[in-house]
Amino acid sequence: MTLVAGVDSSTQSCKVVVCDADTGAVVRMGGAPHPEGTAVHPDRWWEALCAAISAAGGIDDVAAVSVAGQQHGMVCLDTSGAVVRDALLWNDTRSAPAAAELIEELGGAGSWAEQVGVVPVASITATKLRWLADHEPEHADATAAVCLPHDWLTWRLSGTGDIATLTTDRSDASGTGYFSAASGEYRKDFLAMAFRGRTPALPRVLGPAESAGRTPTGALLGAGAGDNAAAALGLHAGPGDAIVSLGTSGVVSAVTEVAPHDADGLVAGFADATGRHLPLVCTLNGAPVLAAAARALDVDLATFADLAQSAPSGACGLTMVPYLGGERSPNLPDATGNLAGITAANFTPANIARAAAEGLLCSLVYCREQIEAQGITLRRFITIGGGTKSCAVQSIAPGLFGGSIVLPADGEYVALGAARQAAWALTGDLPDWEIGSTLISADPRPEVYQQYRRHADVALSLR
């Protein structure tokens, strides 16, 4: 049996799966936590990767390995390959003012969308480089190369120690703000603009099945990918498929042949891990909305789900707009959530639970609409993430997404996508691994979404 390994180095932890290269069956797996915080020294990721590999029984017997990782962020290296400062993660917001500056300097969000497919927000690398240049110029001057989390881990696995051998892939590069997924090229003029004239070395961008080298023990290194692209690869998503992820945040992404250009900046023009594109819309408020509502009702999540399912569709007119921590899609960073349409008759625990679940899912339907507004046709909706384990979400989501959703079997799909990429690099053919799933259907409920939009539009009009 030929074995391949896939790594998911996320914000919270590192997971490793070792799979049969022919079937995708998981032979063994392991994991280790990452430290908390929005600025982390990359050595902590390496320590977690080594611990996860050990927990998975090692990878000395694998023929190939690929790393998928949290997107965006900023890892700065000096000429010797040493880390210049703690890496800033995607969720570090100190560069928000820099994002506004960069948008203004290029003449507006539309120019960014047209040129590189993304509009600067605090998460992307370009804004973090601007922050570094303005607040820590000595560290900016010491930066000889800048890369992303998965780039750095792949490079460490190669053992070369030479920054000239850094590599990345289209999916992760497309979230930097200085790479165009449409053209497949770096925009070094954008890099220089962001970094106040500095142009550090950037990783070589590999094709989907290209190799980044080998580990010291001889395993082939795949190109790696950003976590969303790896999940799409692990789920076998293709054109017409949308992936609806409900975790700490909400994410809707879709595999397409054409790069989007959203002048409003809501749809990020990312690339996928197959040579296609992965337009993506992200919300700030995900599954924690359900947990917050359950706390308010003083019930556990299971009881909360039962309450939500016991109420009628539309919660008797009660609507929750779940902007509990501001919102990114739409861009309302200072917004708060609201519970609207309250009457003496409908203000019950069951309707409150139903309104919370419906409001959360409707916020993802809004994300879907933004992607479709780019001329992209979506036919199938695949739901993943911890929030989709709620029976309330499973019963309500189909009606809101048009009548059906696909619920994949439990699995580490980011790590599985990386392992599938490793097998592709090893054999030259993208393997067709079987993925178990369940189709959940219900009557379409467009009136519930229309009810939600009426109240959400009020929040948007008050910005």
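The protein contains 15 helices and 24 strands, and the model that shows them is a predicted one. Its C-alpha trace extends over about 70 × 55 × 40 Å along the principal axes. For 463 residues, a compact globule would have a radius of gyration near 23 Å, and the value of 22 Å found for the protein agrees with this. Of the 463 residues, 58% count as buried. Among contacts with a separation of 6 or more, 72% are made by residues 24 or more positions apart.

The interior may be considered next. In soluble globular proteins, nonpolar side chains tend to be buried together. The largest nonpolar core here has 53 residues, and within this core Phe 304 and Ile 371 touch the most other members. Helix H12, which covers residues 349-372, gives the most to this core, with 13 residues. When residues up to four places away in sequence are not counted, Ile 371 touches Val 252, Ser 253, Ala 254, Val 267, Pro 279, Val 281, Ile 376 and Leu 378. Apart from this core lies another, of 37 residues, with Val 18, Ala 32, Leu 77 and Ile 163 among them.

An α-helix has 3.6 residues a turn, so residues three or four places apart point the same way. The buried residues of H6 are Pro 149, His 150, Asp 151, Trp 152, Leu 153, Thr 154, Trp 155, Leu 157 and Ser 158. Ser 158 has a relative accessible area of 12%, and because buried means under 20%, Ser 158 falls in that class. Leaving out residues up to four places away in sequence, Ser 158 touches Arg 214, Pro 216 and Leu 221. Just after H6, Gly 159 adopts a positive phi of about 75°.

Backbone geometry also draws the eye to two loops. The loop between helix H11 (301-310) and S20 holds Ala 315, and Cys 316 lies in the loop between H11 and S20 as well. Phi of Ala 315 is near 50°, a positive value in a residue other than glycine; for Cys 316, also a residue other than glycine, phi is positive and near 55°. How accessible is Ala 315, buried or exposed? With a relative accessible area of 0%, Ala 315 is buried. Cys 316, at 48% relative accessibility, counts as partly exposed. A cis peptide bond, with omega of about 5°, joins Ser 329 and Pro 330.

Rolling a probe the size of a water molecule over the atoms shows where empty space is left. The count comes to 4 cavities of 30 Å³ or more, and the largest cavity has a volume of about 60 Å³. Which residues line the largest cavity? The lining consists of Asp 169, Arg 170, Ser 171, Leu 206, Gly 207, Pro 208, Ala 223, Gly 224, Asp 272, Ala 273, Gly 275 and Gln 421. By class, this lining has 4 nonpolar, 5 polar and 3 charged residues.

How values were computed: Residues are numbered from 1 along each chain as its sequence is written. This is a predicted model: local features need pLDDT of at least 70, side-chain atom pairs count only at pLDDT 80 or more; totals for chains, interfaces and linings use all residues. Side-chain values use heavy atoms; hydrogens and water are left out. Buried means under 20% relative accessible area, exposed over 50%, partly exposed in between (1.4 Å probe, protein chains only). Helices (H or I, at least four residues) and strands (E, at least two) are DSSP runs, numbered from the N terminus. A nonpolar core is a set of buried Ala, Val, Leu, Ile, Met, Phe, Trp, Tyr and Cys residues joined through side-chain atoms within 4.5 Å. Contact means heavy atoms within 4.5 Å. On a 1 Å grid over the protein atoms alone, a cavity is a set of points where a 1.4 Å probe fits but cannot get out, and a pocket is an open set with protein on both sides within 12 Å along at least five of seven lines; lining residues have an atom within 4 Å of a point. Grid points are joined across faces, edges and corners, and a volume is the space filled by probe spheres set on the points. Ala, Val, Leu, Ile, Met, Phe, Trp, Tyr, Cys and Pro count as nonpolar, Asp, Glu, Lys and Arg as charged, and the others, Gly among them, as polar. The radius of gyration is taken over C-alpha atoms; the globule rule is 2.2 Å times the number of residues to the power 0.38.
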